[in-house]
Amino acid sequence: MTLVWLILIPFIGGLLCWQAERFGEQPPRWIALGTMLLELALVLGVWWHGDYGLNAVQGASDWVLEWRADWIPRFGIEVHLALDGLSLIMIALTGLLGVLAVVCSWHEISRRIGFFHLNLLWILGGVVGVFLAIDLFLFFFFWEMMLVPMYFLIALWGHSGSTGNTRIQAATKFFIYTQASGLLMLVAILGLVFAHHAATGEYSFSYEALRHTAQNELSPQMAWWLMLGFFIAFAVKMPVVPLHGWLPDAHAQAPTAGSVDLAGILLKTAAYGMLRFALPLFPEASQAFAPIAMGLGILGIFYGAILACGQQDLKRLVAYSSISHMGFVLIGIYSGTELALQGVVVLMVAHAFSASGLFIISGQLYERLHTRDMRLMGGLWGRIKGLPGIALCFVAASMGIPGTANFVGEFLVLFGTFGTWPWVVVVASGGFVLAAIYSLFIMQRVYFGPAKEDTPLGGLDVRETVMMLGLLVLVLWVGLYPGPLLDTSEAAMQNVERIMTLEETPAMPEETP
Amino acid sequence: MTSLLALSPLILVCATAIVVMLTIAWRRCYDLTATLTVIGLNLALAAQLVAWWQAPHDVTSLMTVDGLSIFGGVLILVATLACATLGHAYLEGARGPREEYYLLLLCAAAGGIALVSSRHLAALFFGLELLSMPLYGMLAYTYRERGALEAGIKYMVLSAGASAFLLFGMALLYARTGHLDFAGLGGALASAGGDGWLLAGMGMMLIGLGFKLSIVPFHLWTPDVYEGSPAPAATFLASASKVAVLIVLLRLLQSAPAAQDAWFHSLLAVLAFVTMLVGNLLALMQQDLKRLLGYSSIAHFGYLLVALVINDGLAVETAGLYLVTYVVTTLGAFGVVTLLSSPYGGADASRLHHYRGLFWRRPYLTAVLTVMMLSLAGIPFTAGFIGKFYIVAVGVEASRWWLVGAVVAGSAIGLYYYLRVMVTLFLPEPGMQRRDATTDWAQRAGGVVVLALAALVVLLGVYPAPMIEWVRLMATT
């Protein structure tokens, strides 16, 4: 039942926030904060009590927690929730960033507070659902559902852009991109289900059953097409370069909390989807697809980084840098070695921290300067107390300086990939140079250089200081001591690696004694 | 006796129509008329249960009572009930005679029930005309409005043309085969093979029925009629009338499997493809909610045609299920428009700018419309998602990738305009022209219906198992 509560808590909290608005401005905020803290505490409790060091030897599915109930018996659809190390890390991240999203919009949002928090919490509830759902129908259900509140968040509380882009256009673009690609995934899921039906005469959306079908019954050509359906849906969300059009607009227009959720969690659902579904369901097709995915990853790294160098809008810059970072994630996922996959997990967590940190900083600058245009900034180092120093740390993290979590992630990804794809690693490493350039651009244009005015701006208050320092501690902690994180995700990542390699070399003898 | 029991819903609706007519002749009392109508419709709905015990049962050679006809009958009666309830609030402020609306509504409902039970071309034509004739009157009911009069006349003229096509088609089929009942016709078609005259006859019948379903390229009347007619009449046209025609088309295609010869089959597939895309594309730029819903209904019948084209495996179940979700959603969406336009006083509140910022004045009514828009767009947590899931499933099952592609593309395009409506509801814009529901809308019958529909849409979206079981039961009997 814990798993059900993990999903239900944000939904119920959201409804309470909505209704609490009639009692004034503060109750919705406190309820939202309380809800997310409860969620976070619950996840940490699960983490503390569960044993994630299990080594998956026999079956592929050793979930730490599992919950199932019939839902639509006609098609064998179940409410099937399950949790392993990977989903646990992701949910913990969701809880943490949920708290941050509530806290960072404490002063930013002043209109229709109850409805805002309803949407915010429902996004988080939907994301937790995505991370827990193992039944493919249920997964798709949450996958599509979480878009609606995100749409409202951007469309109603977003900023109108500087270049004639309105927030509604950005929100609509986001919605149509993700929804249309989601429908492709639905087609792929159904293709798999009917293949299963043809083989066994039963309808089922269950992960295990479909995986069995996908690996034994499908013709390679069919598997290729279905894999592509999944891949496109995840690639849009991630985003992989030719399908990234929605991301910069959505980020630039979204309120800070929306950007934090978008960069911190929504993008991670795509990587999670690849690790959980695209690879294990279609290992052979994925192997065959790996060169293309690597190419797309490298393209993303350079495209994102180069475009980031040319941005004037601070949030657009961070958005493009996200595309660049996600290129590393894509490379890591398709390299399929355990080391690289572990790196992917760390990199996802690290990117969630550093990108949300940078987005929150741009939100705080916006609250003080009422602009996100870097041409209008400059010389802020002397004008704001505290913020520039913290910003420097997050910029360094985003650059991947040793000691930060991003370094560990990127290092593991490249190290793990080198054995099988040396040239990819060599080329991808060039992305670090560009990362250094755009990161230094941020510091140079925003904080150094001649000041536009001399009047000091308000420094960080207690809420902001605690929030930023907390995040910074996490970045450094994962950077210096990633052990607990790696231990938690180890079993899950070994599974993925085993699935990927078992198909490739079936004749390899068992090494386990 | 069994036959009478099996036909009891139809008989009850007709009897109610007569009672209502006599009551109006005796004394004009608006509330009494409305109450009688609602009681009669509820009795007929209960009588569907009695009919279910007799099913399947053939009543003369003209009609049959089976799962499909009862399924259609229930949907039609529910839609009619909603239209009667919504119409009550709507017509309260109207000048001139108001009671006859219920008379027309009951006659149209009777026509619909007759249509879904028909198993003979004569019964089909009779039912179709009984359904359409009162609709002319209903669409032009607020005839002082220029739009309504135009809508009524336009529908009448074009509908007459469509009926002519239908009759001509029937005549051709009869001339070649000598059969008018569906079963005999199906057998004769199977043995006749690809005869040119038969194909022409089937094509003409398809034109006649396609007009009523507003399938592209016979859709041109739809947006104008939806826009101009009074909201409760448009609701009936969009829900009950289309359900009845679609079910009879389904029955025709099922009883004449040979009609699925390659030429006819690909014609249907092309029509479905075009309907989905054209309906969605034309809806993109509409500024009028009723017009937009008109185009959206064109698109939805395109999706439904996919199930009819495939006509195998899950197809009947899919068509039934999609109809349920479509009817509930359409009733809800039109219901909100009706409530905002009630009581009648001039043209309906259907321009999109009437809806700007509705959320901040009427949060629950807006929530209802939002749910309906999400359901039309097929987003999870709403009934529309289950419908869309079925359509994609049936397409994938039959490996009709072009049609599946069109469904996906159509849905993506469709999102744009549904989202536009949705976000309009939430945008604050002071100084715009306001149209508002009465303050006590939620306590009135119409408001209760709309809220119940919204709850139903969400319930069916989250827990669709009972609905699926019911539709399967009906589809397999």
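Over which residues of chain A does the pLDDT stay under 50, and how many contacts beyond four places in sequence does the model have for them? In this predicted model, the stretch is residues 56-60 of chain A, for which there are 7 contacts beyond four places in sequence. Chain A as a whole averages a pLDDT of 87, with 95% of the residues scoring at least 70.

**Contact between chains A and B**

- The two chains meet through 23 residues of chain A, which are in contact with 20 residues of chain B.
- On the side of chain A that touches chain B, at least two residues each are supplied by helix H5 (136-145), helix H6 (147-157) and helix H7 (167-200) of chain A, and the largest share, 13 residues, comes from H7(A).
- By class, the residues on this side of chain A divide into 18 nonpolar, 3 polar and 2 charged.

**Helix packing within chain B**

- Helix H2 (residues 8-26) of chain B packs against helix H5 (residues 100-117) of chain B at an angle of about 165°, and their axes lie 9 Å apart.
- Because angles over 145 degrees count as roughly antiparallel, H2(B) and H5(B) are roughly antiparallel to each other, and their crossing is left-handed.
- The residues of H2(B) that take part in this contact include B:Pro9, B:Leu10, B:Val13, B:Cys14 and B:Ile24, while those of H5(B) include B:Glu100, B:Tyr102, B:Leu103, B:Ile113 and B:Ala114.
- Sorted by class, the contact of H2(B) with H5(B) has 16 nonpolar, 1 polar and 1 charged residues.

- A:Met36 has its place in helix H2 (residues 26-49) of chain A.
- With 27 other C-beta atoms within 10 Å, A:Met36 is buried, because a residue counts as buried if 20 or more such atoms lie within that distance of its own C-beta atom.
- When residues up to four places away in sequence are not counted, A:Met36 touches A:Gly95, A:Gly98, A:Val99 and A:Val102.
- A:Glu66, by comparison, is 30 residues apart from A:Met36 in sequence and 22 Å apart from A:Met36 in space, C-alpha to C-alpha.

How values were computed. Residues are numbered from 1 along each chain as its sequence is written. Chains are lettered from A and ligands numbered from 1 in the order in which they are written. This is a predicted model: local features need pLDDT of at least 70, side-chain atom pairs count only at pLDDT 80 or more; totals for chains, interfaces and linings use all residues. Axes are lines fitted to C-alpha atoms, for helices over the stretch in contact, and angles run from 0 to 180 degrees between N-to-C directions. Helices (H or I, at least four residues) and strands (E, at least two) are DSSP runs, numbered from the N terminus. Angles under 35 degrees count as roughly parallel, over 145 as roughly antiparallel, 65 to 115 as roughly perpendicular and the rest as oblique. A crossing is left-handed if the near helix is turned anticlockwise from the far one by less than a right angle, and right-handed if clockwise. Ala, Val, Leu, Ile, Met, Phe, Trp, Tyr, Cys and Pro count as nonpolar, Asp, Glu, Lys and Arg as charged, and the others, Gly among them, as polar. pLDDT is the predictor's confidence in each residue, from 0 to 100. A residue is buried if 20 or more other C-beta atoms lie within 10 Å of its own, exposed if 12 or fewer, and partly exposed in between; C-beta atoms are placed from the backbone.
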